[in-house]
Amino acid sequence: MALNRDEQSPLFAPGVAGTLRLIVYLALACVLMVLDHRGGWLSNVRYGLSIVVEPVYRIAGLPSQGFQAATVAFADRQRLTESNQRLREDLLLANAKLNRMASVAEQNQRLKELLDTQHSLSLNVQLARLIGVDLGTFRHRIVLNVGARDKVQAGQVVIDARGVMGQIVEVMPTTSVAMLITDPNHAIPVTVERTGLRTVAYGSRAGDMLVLPNIPVSADVQAGDKLVTSGLGGRFPPGFPVGEVRDVAQTPSGTFLSAQAKPAADLDRSEDVLLLHDLAEQDGPPPLAPNAGPPSGLAPDPNAPTTPVTPTLPKVTSPTATQVPARATSSTPAAGTTP
Amino acid sequence: MNKVRVRQLWFAATLLLSLFLMLIPLPGPLTPFKPYWPALILLYWCLQSGDRVTLGLAFCLGVGADLFDGVLLGEQALRLTAMVFIALRFRSRLRFFPMWQQSLAVLGLLLNDRVLLLLIRVFGGDPLPPPEYWISPLVGAVLWPFVFLILDDLRARLRIHDT
């Protein structure tokens, strides 16, 4: 930094004092930055100051909101009719597909219950709107109009109609900030839908693309392959579309293939987004079953956990009934032994 | 008395406005062209009434901007403090520059600011930004004469002369 220290200006010269003050302020700023970078307590401060920050966000979001309202108001009838028609067709198509899928989904659900797997096909979501606020260029973040009061938590996944958009990184009382999947600091575990290859998609430095920098050279990845979330890592639930591979090339070192993918979600056009409520399955082993052990009939202990033995079933079947994992939902047939 | 208060109000209002302008998004493809508004407004006040703009004020404005921006507390505080320091050093010269030279000086200051930001981000572990990163100072320098003249004109119309 070129601080012209020996500048002799007769009109104003608080020379040494000014420089000293500069150094003090710069040091203060550096201390703040280091503390914030290490401890990450900026979000706490912001949560505390949200009374000030949130109204400012709302006001700053007004121009883009007004711009949108104006686009709708001045859009010609022709275009509105067209878009309405298109939406109707989409809805019809989607409904038809849904009807066909419903029976399959039900069957799938039954089979999964038989297999004791937990994840279901139903979505538990919450609608949110974007607030048009610019959080700095080359910062891939968006502000949503729901917050801690709407029971939003950090880590929830944000999706739109086409795919995964990102995840919540910061929650304030009535707004929250989400990081997009194109942020250079973001990574999302994906699988290539066609081949089942698992890899990780990172945000790219240039902005609107995803980069998959470490695909094995022998792997089969082509342009046009669809990427979906793999569910590994326990943050993103499996099966949501993430993007589509655009081109594949060797890395300069030659040890890996590197692919570029275009995000499936409309990252800069979506206005309404969905927040997934149920997070992915926790990673790590499942919690212990609380009622493991011999049935209470064999061990007459008054403090034993409640494992009522079904009167209609013979005693021999009880141990198998108690070995059901604790996280099986009450709708599973195994849990039907409770009276 | 009344005049002094109006002056202070006007001063505070422009600074607040600069923070709002920083938050208001531009439509998609224009995003890299957004100038760094707090710096421009602060520079105007530096040149116009240098006794009112101090390093402390720049620091406070920067911390405020950081709170809204939510990136790294102290980042903009550091950048604005450094910029105001340089601008105050050369104030007596900058004031008597013709407009195009002033614009060039502003360009230099804004570029310096970008370099500082780049250093901070790289130290923080971010990757290098794309080339569009360097457009914003140019836009700021091009806009400078208009910002200066509009603010000056408004000040004259509101008859808020000081000293």
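Visitor: How many residues does helix α3 of chain B have, and what span does it reach?

Guide: Helices (H or I, at least four residues) and strands (E, at least two) are DSSP runs, numbered from the N terminus. The expected span of a helix is 1.5 Å times one less than its number of residues. Here α3(B), residues 55-69, has 15 residues and reaches 21 Å from its first C-alpha to its last, close to the 21 Å expected. This is a predicted model, where local features need pLDDT of at least 70 and side-chain atom pairs count only at pLDDT 80 or more, while totals for chains, interfaces and linings use all residues. Residues are numbered from 1 along each chain as its sequence is written, and chains are lettered from A and ligands numbered from 1 in the order in which they are written.

Visitor: Which residues of α3(B) are buried?

Guide: A residue is buried if 20 or more other C-beta atoms lie within 10 Å of its own, exposed if 12 or fewer, and partly exposed in between, with C-beta atoms placed from the backbone. In α3(B) the buried ones include B:A58, B:L61, B:A65 and B:F68. An α-helix has 3.6 residues a turn, so residues three or four places apart point the same way. After α3(B) comes B:G70, with a positive phi near 70°.

Visitor: Which residues have the most contacts inside the largest nonpolar core?

Guide: A nonpolar core is a set of buried Ala, Val, Leu, Ile, Met, Phe, Trp, Tyr and Cys residues joined through C-beta atoms within 7 Å. The largest has 88 residues, and A:V164, B:L42, B:L43 and B:V84 have the most contacts inside it. Two residues are in contact if their C-beta atoms, placed from the backbone, lie within 7 Å. Beyond its neighbours within four places in sequence, B:L42 touches B:V53, B:A58, B:L61, B:L80 and B:V84.

Visitor: How many residues does each chain bring to the contact between them?

Guide: Chain A brings 40 residues and chain B 34 residues. On the side of chain A, α1(A) gives the most, with ten residues.

Visitor: Which strands form the closed barrel in chain A?

Guide: Two strands pair if DSSP finds at least two bridges between them. The six strands run β1-β2-β5-β4-β3-β12, with antiparallel pairing. Within chain A, four bridges join β2 (residues 141-144) to β5 (residues 176-180), and A:V143 has A:V177 as its bridge partner in β5(A). Overall, chain A has five helices and twelve strands.
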